[in-house]
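Take a look at the sequence and the structure below. The report that follows goes through charged pairs, strands, a loop residue and aromatic rings.

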Amino acid sequence: MTRQNPTGTAPNADQTPTADAFRWPSPHVQPETAPYWQASQHVLPYCDRCDRWFWAGQRICPACAEPLALRPTSGQGTVEAVTVVHRTHDRRWRDAVPYAVVAVRLKEGPRLIANVVGSPPEKIRIGTPVRVVLCATDDPHIRVPVFETT
């Protein structure tokens with residue numbers, strides 16, 4: 001049996017990576033971020049009063065002190081930075097290298113850091129349009145956002 005890696009390909013394979021081919025390591029979930037990680041679609045905190053999006057885990061708007069509500073995002077964004085990881089010391093990822101880690105500016109404004117699936121890592125460039133895909137983790141209640149090229 002060939003081990004699958006986080007980009008969805010067998011090590012050194014020429015196949016296109018997919019989001020569903022790997023069980024991603026579960027993040028350490030805090031009570032205030034649990035609704036973000038457990039959502040069935042990509043969501044972020046939003047302030048209705050200020051019309052602003054925030055990073056997961058914030059509960060109160062820093063500008064107006066109103067409670068924030070989780071809202072679905074479009075999931076659409078653009079790569080603003082990219083790096084390709086060729087070596088890792090974390091055994092959970094050793095069969096995954098090389099893989100791309102990107103900073104993506106979502107259409108709504110916030111920036112997320114995540115992996116890219118669906119394209120070879122060396123093909124990802126600044127300006128590449130992407131969309132969020134939620135992937136299963138080793139915890140059946142938690143899903144992590146990754147990006148696919150569009």
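## Salt bridges

Asp48 and Arg71 form a salt bridge through their side chains, with 3.1 Å from N to O. Asp48 sits in the loop between β1 (43-47) and β2 (52-53), and Arg71 sits in strand β3 (residues 69-72), so the pair ties together parts that are 23 residues apart in sequence. Asp48 counts as exposed because its relative accessibility is 54%. Arg71 has a relative accessible area of 33%, so Arg71 is partly exposed. This is a predicted model. By the rule used here, the count comes to five salt bridges.

A salt bridge also joins the side chains of Arg111 and Glu80, at 3.1 Å from N to O. Arg111 belongs to strand β6 and Glu80 to strand β4, so this pair ties together parts that are 31 residues apart in sequence. Arg111 counts as partly exposed, at 47% relative accessibility. Glu80 counts as partly exposed too, at 32%.

## A pair between β7 and β8

Arg131 forms a salt bridge with Glu148, and their closest N and O atoms are 2.7 Å apart. Arg131 is in strand β7 and Glu148 is in strand β8 (residues 143-149), so the pair ties together parts that are 17 residues apart in sequence. Is Glu148 buried or exposed? Glu148 is buried, because its relative accessible area is 17% and the cut-off for buried is under 20%. Arg131 counts as partly exposed, at 38% relative accessibility.

Some salt bridges share partners. They join Glu80, Arg105 and Arg111 into one network.

## The barrel

Which strands build the closed barrel? Its five strands run β4-β5-β6-β8-β7, with mixed pairing. Neighbouring strands of this sheet are turned by 50° against each other on average, direction ignored. Strands of a sheet pair through backbone hydrogen bonds, either parallel or antiparallel.

Start with strand β4 (residues 76-85) and strand β7 (residues 129-136). They pair in the antiparallel sense over three bridges. Gly77 has Val130 in β7 as its bridge partner. β4 also pairs with β5 in the antiparallel sense, over eight bridges. There, Val85 stands opposite Tyr99 in β5.

How many residues of strand β5 (residues 99-106) are buried? Six of its eight residues are, so the strand is mostly covered. β5 runs antiparallel to strand β6 (residues 111-117), and five bridges join them. Val102 stands opposite Ala114 in β6.

β5 and β6 form a hairpin with four residues between them. Gly109 lies in the turn and has a positive phi of about 125°.

## Thr128 in its loop

Thr128 lies in the loop between β6 and β7. Thr128 counts as buried because its relative accessibility is 15%. Its side chain reaches the backbone oxygen of Arg125 at 2.6 Å.

What does Thr128 touch, not counting residues up to four places away in sequence? Thr128 touches Gly77, Thr78, Val79 and Thr149. Gly77 is also the bridge partner of Val130 in β7.

## Aromatic rings

The structure holds three aromatic pairs. One of them is formed by Tyr36 and Trp37 and is edge-to-face. Their centres are 4.9 Å apart, with 75° between the planes. Both Tyr36 and Trp37 are buried.

Which residues do ring pairs link into a cluster? The cluster holds Tyr36, Trp37 and Trp55.

Notes:
Residues numbered from 1 in each chain as written. Predicted model: local features only at pLDDT ≥ 70, side-chain atom pairs only at ≥ 80, totals over all residues. Heavy atoms only, no water. Pairing = 2+ DSSP bridges. Helix = DSSP H or I, 4+ residues; strand = E, 2+ residues; numbered from the N terminus. Axes fitted to C-alpha atoms, helices over the stretch in contact; angles between N-to-C directions. Buried < 20%, exposed > 50% of the residue type's maximum accessible area, 1.4 Å probe, protein only. Phe/Tyr/Trp six-rings, centres within 6.5 Å; stacked < 30°, edge-to-face > 60°. Polar contact = N/O pair within 3.5 Å; in protein donor to acceptor, adjacent residues only side chain to side chain. Contact = heavy atoms within 4.5 Å. Salt bridge = Lys/Arg side-chain N within 4 Å of Asp/Glu carboxyl O.
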